[in-house]
Amino acid sequence: MANQRELPKTVKGWVDLLDRAPIPVTPEELKAAREIVANDRLSLRDIAERLQQFPPMVLQVMRAANRGRQVDNRAESLEVAINRLGLGKVEQLVKAVPSKPHEQLPRGLRQSLLISQHASTQANGLFAQRLARLWTEIHWGSLLFLAPVWALCSVAPSLFEQWEKRALTHGEDEGKLEKALLGVRLSEIAAQLSEHWGLPEWIARGYELLGRDKRMLVRALHIAHHCETPQQQLQQLDAQQELAIWLTQPANTVLLANALAVAAHNRWGSPHTLRWQQLTALYLREPLGQVQNNIHQLAAKSARQLPASALWHPAQALLWPWDAVRFTPEPEQPEAAAEPASKAPAAPAKADAAQEQAQKAAARAELAKQLPQWKALVTQLQAAPSPFNSVLQLTQCAREAAVTCGMQRVLLLLPNRERSFLVAQQSHGFTEPVSNLKLDIPTSPLLRKLMAEPAMLHIDSANYARYGAHIPGVLKPLFDGQHLLLRSLSQGEKVVMLLIADAGGNAIDELQVQTFTRTAQALEKGLQIYAKRGRA
């Protein structure tokens, strides 16, 4: 992987480097994609629809089908690209995509892929139905628009973190920051790279609008910002026919969708986000309030469609106060005024607190949907006589109950006969198998306490500094984040199990804590009922 000193500073240098950049996926994603392509019962359209959940695969196939072709002969959709290449070639391309364990994939790469999927949902909801004949161009163009950024995040992962910190946290000018980090503007690199890869023409055109050809974009933004009603906007466009013709070009949809998704990455209520919402309303000739409502609903739809993860999705911020931001600006202070490092740590940022509240609110809403299923599982756990034929079946039911109360990662461990270590019996939500996991009890004060008597520990951001250091090291990669529930369970007077769970690293709502505790109690009662059945 290239380090900062090796990175180029010219457009050609970047294009040459990023052209060779592998964009990895997880082994699970690679396996799933290979099974999709090898399934002879699927049509080409079915294959294309299923492969779109793996954007690096889409890029691999599209650029192979289009590289070297003239603009008017490029495949604008994945289905056409697969048809041109043939399934044999597509299978080879999919197999050639490198894979890495989930935790080794750069966060910037995973986050930029999520932004692209969010943008695709925005494009489909806002524009594809209105422009039904062009829905394939809109769909695939919006999904692949940030493909140059995927490659950049794969080659130089630190650049994404620097952009978040310096542009969003410190408020540095993005144009100057891009030149400081890359030597040139990102739009110039992306325009040439997308052209070199043969991506849909609308992508390169969008980057040119952001770079060299801003004239029309600026004029349209001026009307969108200063004319409050659709009637006033229409009058202005009627007086500028050249601008009106440019504005209605379908190619603008992929830029608008991605600009909306990127702007929302930090804040829904910023002037930057508002400008793109206003321009989208001008393009659609619809009232701003109606367009904003649609954008928010589509963001929530995107979050529901994507698998649960610890990655940030802007839909989480829709429940925040409108002036809240994800990255709190940090104004520069004179060096003399800086506090010594030995002073007490600063209080949590307002945005962090708002984010946790938003996560808890979203969890409560999701839990409300799952409560009937959770109640049925808890009832089954406590049924007498026990409906289970083995302890394994009993703990499987408990695991599912924990999942329905909002736990995204669940681990249930049992002690060995000598009670010297814990071994995993049930798990959910982990990218790697944990069946061979062992936790040494004597060396961990936390485990010794939990295994001495039944107890409950709720670790969160407020007490993580106190308890975080006591979490066994082997658990920390599995439960990344500062929010964790640990509950030891007894049968008679002896602790026989340890249940550990979290909400994917997100804050855990009090209602989730209550249902998790109730699940543990039901499991304890189920164990007692099962033990009596064994003696009957």
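**View 1. Glu161 pairs with Arg107 across two helices.** Glu161 has a relative accessibility of 29%, so this residue counts as partly exposed. The model is predicted: local features need pLDDT of at least 70, side-chain atom pairs count only at pLDDT 80 or more, and totals for chains, interfaces and linings use all residues. Residues are numbered from 1 along each chain as its sequence is written, and side-chain values use heavy atoms, with hydrogens and water left out.

Glu161 forms a salt bridge with Arg107, and the closest N and O atoms are 3.4 Å apart. Glu161 sits in helix α10 (residues 158-169) and Arg107 in helix α7 (residues 107-128), so the pair ties together parts 54 residues apart in sequence. Here a salt bridge is a side-chain nitrogen of Lys or Arg within 4 Å of a carboxyl oxygen of Asp or Glu. Helices (H or I, at least four residues) and strands (E, at least two) are DSSP runs, numbered from the N terminus. Arg107 is partly exposed, at 27% relative accessibility.

**View 2. Glu178 meets Arg185 in a salt bridge.** The N to O distance is 2.7 Å. Is Glu178 buried or exposed? Glu178 is buried, with a relative accessible area of 15%. Arg185 counts as partly exposed, at 24%.

**View 3. Glu201 and Arg205 form a salt bridge within helix α13.** Their closest N and O atoms are 3.0 Å apart. Glu201 is partly exposed, with a relative accessible area of 30%. Arg205 is also partly exposed, at 28%. Elsewhere, salt bridges that share partners join Arg107, Glu161 and Glu164 into one network.

**View 4. Strands β1 and β2 pair in the antiparallel sense.** Strand β1 covers residues 409-415 and β2 residues 421-428, with six bridges between them. Two strands pair if DSSP finds at least two bridges between them. Leu411 has Ser427 in β2 as its bridge partner. Five residues lie between the strands of this hairpin, where Arg419 takes a positive phi near 55°. Strand β3 (residues 438-440) runs antiparallel to β2, joined by three bridges. Phe421 has Asp440 in β3 as its bridge partner.

**View 5. Glu91 lies in helix α6.** The helix spans residues 87-96. Which residues does Glu91 contact, leaving aside its neighbours within four places in sequence? They are Val37 and Ala38, where contact means heavy atoms within 4.5 Å.

Technical notes. Buried means under 20% relative accessible area, exposed over 50%, partly exposed in between (1.4 Å probe, protein chains only).
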